[in-house]
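Here is a short briefing to keep beside you as you look around this model. Shall we start with the ligand and work outwards from there?

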Amino acid sequence: MTNRPSDQAPANGGAPPAVTVLAIESSCDETAVAVMRGRESLLSAVVASQIDAHRPFGGVVPELASRQHNAATPGLLATALSDAGIAVSDIDVFAATAGPGLASSLLVGNTTAKALALACDRPFLAINHLEGHLLSPFFGEAGGVRPNVSLVVSGGHTMLVDVADVGEYDLLGRSRDDAAGEAFDKVAKMLGLPYPGGPLIDEMAKDGSPAAYDFPRSMMKKPGFEFSFSGLKTSVRYLTDTFDQSKRDEWLPDVCASFQQAVVDVLVAKTLRAARATGRNLITVSGGVCCNSRLRSEMERACTDAGLELKIAAPSLSTDNAAMIAYVAHEHNLIGRSSSLDSDVDPNLPLTNQANRA
Ligand code: KG4
Ligand code: ZN
């Protein structure tokens with residue numbers, strides 16, 4: 001058995017003890033299991049994507065998702081443990097995503113992790129999926145989380161958060177309607193591209209001009225840190241409805257590039273504004289949409305111009321995965337947190353300031 005949290009003294013110059021965490025992520029359409037030792041060592045990470053199962057429906061079907069999680073979880077657990085070269089009895093802490101997400105999907109990973117914690121007599125940690133994204137840019141860094149302004153851009157959420165430390169979060173603003181990834185996926189569907197459309201729009205946009213069409217930059221001129229993407233989606237529809245559909249191949253790259261630029265402009269401007277307002281000199285970006293090539297390059301350019309440090313989550317940690325959940329569980333365990341086996345999943349779990357939680 002590896003060291004238990006309570007057994008350990010920081011004999012290695014004050015570095016945190018090497019606790020082994022197994023985490024399960026099942027909040028939406030990816031089942032994932034990861035095993036992590038300490039803050040820096042990812043022993044294994046496996047993901048089973050359900051994209052092919054949901055594609056015929058153009059989006060995630062909750063009932064189908066939970067059944068797929070049920071079917072995939074036992075095999076993924078076995079693979080994650082064998083890839084890590086350890087037995088389940090070597091795990092010090094079991095963790096699972098508790099929300100936000102689809103209730104019936106969250107229950108699969110949550111119940112499995114709780115059952116393992118109970119059977120192995122180890123602590124259980126319920127983790128917020130958004131906190132997984134939020135802290136993922138620090139994954140593998142020996143020094144852990146540093147104060148930063150964080151842009152989380154996924155299929156379900158778009159938010160700007162001031163991060164003082166692990167568990168100390170101040171929500172600066174979020175999208176009033178569609179998340180950025182949702183806007184990418186809905187516009188892609190409208191343009192006849194398969195689900196999930198974000199990566200396809202990114203690809204198509206490489207052959208188009210971002211200045212071809214002047215789509216609205218919603219909320220850009222308004223003070224504050226809120227976003228809105230539903231008007232942009234409607235503008236794309238109104239414009240393309242007037243186009244000759246038999247010439248779709250000719251106008252599609254320009255529409256994709258111009259739509260993408262409108263999203264990226266707002267995300268970059270508001271994030272830089274948040275850094276100025278909070279005085280943070282580190283910006284982090286996470287969530288599936290941070291894979292977007294234009295967002296990455298424009299954010300890099302803007303941060304260089306403003307003299308700010310930028311950390312973007314690695315692509316393998318950007319879309320849903322369990323390594324980011326294991327990382328947060330590791331940090332929570334370090335500061336002595338654990339969750340009750342009676343704790344419930346919460347489809348709308350907010351990203352609260354846990355330092356102030358009773
Ligand atoms: O973080 P994630 O895996 O799931 C949620 O927690 O929502 O994010 C998935 C989202 C999808 O909307 C997908 O279209 C988007 O991330 N996405 C992208 C790109 N890669 C993934 N959007 C734009 N450009 C990309 N390259
Ligand atoms: Zn996510």
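The side chain of His-129 has an N or O atom 3.2 Å from an oxygen atom of ligand 1. Please keep in mind as you read that this is a predicted model. Confidence over the protein chain averages a pLDDT of 92, with 94% of residues at 70 or more.

**Around ligand 1**

- How much of the accessible area of ligand 1 does the protein cover? On its own the ligand has 560 Å², and the protein covers 89% of that.
- There are 19 residues around ligand 1, and those that come nearest are Gly-155, Asp-185, Asp-202, Gly-288 and Asp-320.

- Asn-128 belongs to strand β5, which runs over residues 124–128.
- Is Asn-128 buried or exposed? Its relative accessible area is 6%, so Asn-128 counts as buried, the limit being under 20%.
- Beyond its neighbours within four places in sequence, Asn-128 is in contact with Gly-99 and Pro-100, and also with Leu-349, Pro-350 and Leu-351.
- Gly-99 and Pro-100 are themselves joined by a cis peptide bond, with omega at about -10 degrees.
- Pro-100 sits in the loop that links β4 (93–99) to α3 (103–120).

- You will find Pro-196 in the loop between α5 and α6.

**The nonpolar cores**

- The largest nonpolar core holds 46 residues, and the members that touch the most others are Val-153, Phe-259, Leu-267, Val-285 and Leu-295.
- Which elements supply at least two residues each to this core? They are β6 (148–153), α5 (180–190), α6 (198–205), α7 (230–241), α8, β9 (282–286) and α9 (293–306).
- Helix α8 gives the most to this core, with 15 residues.
- To see one member up close, look at Val-285: its contacts beyond four places in sequence include Leu-151, Val-153, Leu-295, Met-299 and Ile-312.
- A second, separate core has 33 residues, among them Val-19, Leu-282, Leu-317 and Val-328.

**Trp-251 in helix α8**

- Trp-251 is part of helix α8, which spans residues 248–278.
- With a relative accessible area of 9%, Trp-251 falls under the 20% limit and is therefore buried.
- Setting aside residues up to four places away in sequence, Trp-251 touches Leu-191, Tyr-213, Thr-240, Phe-243, Asp-244 and Gln-245.
- Ala-212 is 39 residues from Trp-251 in sequence, and their C-alpha atoms are 9.4 Å apart in space.

**Positive phi outside glycine**

- Asp-121 is not a glycine, yet has a positive phi of about 55 degrees.
- Asp-121 lies in the loop between α3 and β5, and is exposed, with a relative accessible area of 61%.
- Met-219 is not a glycine either, and has a positive phi of about 70 degrees.
- The loop between α6 and α7 is where Met-219 is found, and Met-219 is buried at 13% relative accessible area.

- Ser-228 is placed in the loop between α6 and α7.
- Ser-228 has a relative accessible area of 14%, which is under 20%, so this residue is buried.
- Which side chain does the side chain of Ser-228 make a polar contact with? The partner is the side chain of Asp-177, at 2.7 Å.
- Leaving aside neighbours within four places in sequence, Ser-228 is in contact with Met-219, Ser-218, Ser-175 and Asp-177.

**Where to read with care**

- Over residues 1–11, pLDDT stays under 50.
- The model has 19 contacts beyond four places in sequence for residues 1–11.

Note on methods:
Residues are numbered from 1 along each chain as its sequence is written. Chains are lettered from A and ligands numbered from 1 in the order in which they are written. This is a predicted model: local features need pLDDT of at least 70, side-chain atom pairs count only at pLDDT 80 or more; totals for chains, interfaces and linings use all residues. Side-chain values use heavy atoms; hydrogens and water are left out. Helices (H or I, at least four residues) and strands (E, at least two) are DSSP runs, numbered from the N terminus. Buried means under 20% relative accessible area, exposed over 50%, partly exposed in between (1.4 Å probe, protein chains only). Contact means heavy atoms within 4.5 Å. pLDDT is the predictor's confidence in each residue, from 0 to 100. A residue is near a molecule or strand if one of its heavy atoms lies within 4 Å of it. A polar contact is a pair of N or O atoms within 3.5 Å; within protein, one must be able to donate a hydrogen and the other to accept it, and residues adjacent in sequence count only if both atoms are side-chain atoms. Accessible areas come from the Shrake-Rupley method with a 1.4 Å probe; for residues, only the protein chains shown count as cover. A nonpolar core is a set of buried Ala, Val, Leu, Ile, Met, Phe, Trp, Tyr and Cys residues joined through side-chain atoms within 4.5 Å.
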